[in-house]
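Thanks for coming. I will go through one structure today, a few places at a time. Please keep the display open while I talk.

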Amino acid sequence: MKVSQISTFIENRPGRLHAACEALSSSGVNIHTLSLADTSEFGILRLIVADPVAGKNALEKAGYVAKLTDVVAVEVPDDAGGLTNLLAKADQAGLGIEYMYAFSTSVGDRAIVIIRFTDPDRAIEELQKRGINVIEAVKLLKT
Amino acid sequence: MLLRENWNDTGQGFHPVSAPDYLPAAQLRELQLRRLKAVVERAYEHVPLFRERMNERDLTPARIESLSDVSRLPFTVKTDLRDTYPFGLFASPMSEIVRLHASSGTTGKPIVVAYTQEDIQVWSSVMLRTFAAAGIHRGDIVQNAYGYGLFTGGLGAHYGLEAIGATVVPASGGNTDRQVMLLRDFGVTAICSTPSYFLHLIERAHDLGVDLRDLPLRAGIFGAEPWSTAMRDRIEKDSGIKAYDIYGLSEIIGPGVGSECSAQDGLHLFEDHFYPEIIDPATGEVLADGEEGELVLTTLSKRAMPMIRYRTRDITRIITEPCSCGRTIRRIQRIGRRSDDMFIIRGVNVFPSQIESALLAVEGALPHYRIVLKRERGLDQIHVEIEVGPEIFSDKVSAMEEMHDRLAHSIERITGLRVAVHLVEPHSLPRSEGKAKRVWDERNDEQER
């Protein structure tokens, strides 16, 4: 149920983000969604890609430091209150969230939220118990 | 049998050449005095600069009657070698000189050093003693990753290894992927390189899927730059070898001036060839054994280019206590710093080794770093750039910021100075394959940043 996310360290210098994306594209790794956390000196790029292992290798070959982390992909209705409902349930279950980002495949349909929980295994169990649709990696990557 | 016990038994063979390591002190002092008188006479006769300096002091070689008279002789400094470039300090005619070496010359003209056939023999013998002290013997396969060429490291180590009867793999410096392949495929048991290059090699081997701990490699003979105890611990842990420190400098002979033994507790100086003094670097006054100061060396047997009281700029102290290995030649403490490398910032003396220890104190931090000194709005600032490797990288910003702060606090705790720490991408800092350059002083660059 967990989804493998690539994260990589990007210095705040012109061209570095571009070079990282190019490393992925030249290896034929398709990016489904991403999030860039930035500080004044560096950024951490997190990516959900079609083939995480190939993506990690491509980045390391290009000289980047990269790692794979388990995250959880959750489906929510793409309307007002969709995310609030999810977060309310995560709170009820006492789940710790490190960070999150979201994307929707088409307007008015469903949105997918990628969440880095402190404990992804417990998060999946608790959310499913509360009727939240946790998406499998295979299904997610088809969207 | 007695000789075997008293001489240098390395387990699989002993080396009569190592006998001077075990000379009784009185006999050693007698030998040193005899050689000192001869070398002073030789330099006086053949080296004009030395003769002039002796004359200025109303000194003649005949006035050198005891070892303590060394302190009356004039110093030789690095600029003397530059000022007399290329051959001005040679005491032998070119017809007797069989080899020239030269420094890399990062600060202007290189310095040139020369060897007669006898000098090469002495050099081979002290390198043999160096390797013997590190337990290298016939049957060992030794990869020599010191640069071959004008730099003394490569050939110096090579001759010593051949003399001891080990199998030499003359890999020279650079081409790290090939070095890893040779280490693995040849079943190499010992390696010679600079310590910083070996760290780079461990890192590269890891990238290539080779764990050095799984190889027969058991010893490393590292020198040509000061390195910290923390760095040694790191090397020994990550590669599973014993890391020995060796000491030498081209001006004196090259590698082979001193070396660690199995005790790894200070470096035995080959005193029968190199006479040590410790001086106060500011006043030039000779300090007592045990006191820390600048190491000054006199070559007792060099023929082509005798060096009288050469100021090494290396800071150390002489250890007089006997060593557990049984060698009678005295030791010097490992050289963690050079009076040259030191930089002064906001009136505080800082050594790169302090910053290195601070980085290593933070678990997981690899010592790929550089120190950049800048002048910002009239104030001197230290910037320390540290590469983010897999050990310290996290997908969480909070964890990265915490790591950043831990590194900065560790440096501040050890140096007492505020520093700006910058986390940079792996492999983004310049790598050296010879001596590591750690400090980049941009304070006097025209463009202020």
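This is a predicted model: local features need pLDDT of at least 70, side-chain atom pairs count only at pLDDT 80 or more; totals for chains, interfaces and linings use all residues.

**Notes on chain B**

B:Arg63 sits in a loop of chain B, the one between α3 (48-56) and α4 (78-83).

Next, a helix pair. Two packed helices are described by the angle between their axes and the distance between the axes. In chain B, helix α5 (residues 117-133) and helix α6 (residues 152-164) have axes that come within 7 Å and cross at roughly 70°. Angles of 65 to 115 degrees count as roughly perpendicular, and α5(B) and α6(B) are therefore roughly perpendicular to each other. On the α5(B) side the contact includes B:Ile120, B:Trp123, B:Met127 and B:Phe131. On the α6(B) side, B:Gly156, B:Tyr159, B:Gly160 and B:Ile164 are among the residues involved. What is the make-up of this contact of α5(B) with α6(B), in nonpolar, polar and charged residues? There are 11 nonpolar and 4 polar residues, and no charged ones.

Now the sheet. Chain B has an open sheet of 4 strands with mixed pairing, in the order β22-β21-β20-β23. Its edge strands are β22 and β23 (439-441) of chain B, each of which pairs on one side only. Ignoring direction, neighbouring strands are turned by 25° against each other on average. Strand β21 (residues 379-387) of chain B runs parallel to β22(B), and 5 bridges join them. In this pairing, B:His383 is opposite B:Ala420 of β22(B).

Which helices pack on this sheet? One is α10 (residues 352-361) of chain B, which touches β20 (369-376), β21 and β23 of chain B. The direction of α10(B) makes about 120° with that of β20(B). Another is α11(B), which touches β21 and β22 of chain B, and its direction makes about 135° with that of β22(B).

Last, the interface. In chain B, 15 residues are in contact with 15 residues of chain A. On the side of chain B that touches chain A, α11 (397-415) and β22 (420-424) of chain B each supply at least two residues. By type, that side of chain B has 8 nonpolar, 3 polar and 4 charged residues. So β22(B) is an edge strand of the sheet and also contributes to the side facing chain A.

Key
Residues are numbered from 1 along each chain as its sequence is written. Chains are lettered from A and ligands numbered from 1 in the order in which they are written. Two residues are in contact if their C-beta atoms, placed from the backbone, lie within 7 Å. Ala, Val, Leu, Ile, Met, Phe, Trp, Tyr, Cys and Pro count as nonpolar, Asp, Glu, Lys and Arg as charged, and the others, Gly among them, as polar. Axes are lines fitted to C-alpha atoms, for helices over the stretch in contact, and angles run from 0 to 180 degrees between N-to-C directions. Angles under 35 degrees count as roughly parallel, over 145 as roughly antiparallel, 65 to 115 as roughly perpendicular and the rest as oblique. Two strands pair if DSSP finds at least two bridges between them.
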